[in-house]
Amino acid sequence: MGGELRYEIAQNAYIKLVLHALKHKSSAVNAVLLGRVSSQNDAVEITDSVPLFHSQIGLLPQLEISLILIEEHYAAKGVSIVGYFHANERFDDHELGGIAKNIGDHIYRYLPQAAILLLDNRKLEALTRTKDRSPVMQLYTKDASRMWKLIGPDGNQLTIKEPSANVVLLDYISTEKWQDVVDFDDHLDDISKDWLNPELFK
């Protein structure tokens, strides 16, 4: 359904996803993508992201609570959930697993243009050497058979809005900025921790 659509992710949304994964390197982590579908540009514009969990990521009650809170908060801004982000537990695991597909399916029911982004650890690790400007993520969308399909790396269907985002990301990695990222797990443990991460890029 979303094969010919382009997906454009804003720098802060992108960096927040990678920093969340780096904070919990030995765990699978996930997040939701917020934004809107632009019919003029044939694009899904991902304007923000919300880190969800780094432990027990498949638990339904916590997931449902978090999605309701996120939807309520962003609806007032005219923004909705447009996709899902997943980083696998193992560095060398580049497959889209069952939990990621199930959560992606849930979002797809409400938005057929929904995408799943999967962290590509190989590209992330190579960033310091290659100075690549492309996202360190794989893009999955639903094909005509309603299966999640990897969109080839040579295609430019997934782009970062700001071309220098990876330079900024490397700077944040060098200063261990990932320590400041708050996800829903952190918020449920200590409600004074804000899952919106308002101070992260200040």
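Glutamate 199 is exposed, at 53% relative accessibility. The model is predicted. Glutamate 199 pairs with lysine 202 in a salt bridge, with 3.7 Å between the closest N and O atoms. Lysine 202 is exposed too, with a relative accessible area of 74%.

Side chains of opposite charge can pair when their charged atoms come close. The whole structure holds seven salt bridges.

| Aspartate 48 | Lysine 16 | 2.8 Å |

Consider the salt bridge between aspartate 48 and lysine 16. Aspartate 48 sits in strand E3 (residues 43-51) and lysine 16 in helix H1 (residues 11-23), so the bridge ties together parts 32 residues apart in sequence. Aspartate 48 is buried, at 18% relative accessible area. Lysine 16 is buried as well, at 4%.

Aspartate 180 is partly exposed, with a relative accessible area of 44%. Lysine 177 counts as buried, at 15% relative accessibility.

Asparagine 197 lies in the segment after helix H6 (184-189). Asparagine 197 is buried: its relative accessible area is 7%, and the cut-off is under 20%. The side chain of asparagine 197 reaches the backbone oxygen of tryptophan 195 at 3.2 Å. Leaving aside residues up to four places away in sequence, asparagine 197 touches Lys16, Pro51, Asp180, Val181 and Val182.

Definitions and conventions
Residues numbered from 1 in each chain as written. Predicted model: local features only at pLDDT ≥ 70, side-chain atom pairs only at ≥ 80, totals over all residues. Heavy atoms only, no water. Helix = DSSP H or I, 4+ residues; strand = E, 2+ residues; numbered from the N terminus. Buried < 20%, exposed > 50% of the residue type's maximum accessible area, 1.4 Å probe, protein only. Polar contact = N/O pair within 3.5 Å; in protein donor to acceptor, adjacent residues only side chain to side chain. Contact = heavy atoms within 4.5 Å. Salt bridge = Lys/Arg side-chain N within 4 Å of Asp/Glu carboxyl O.
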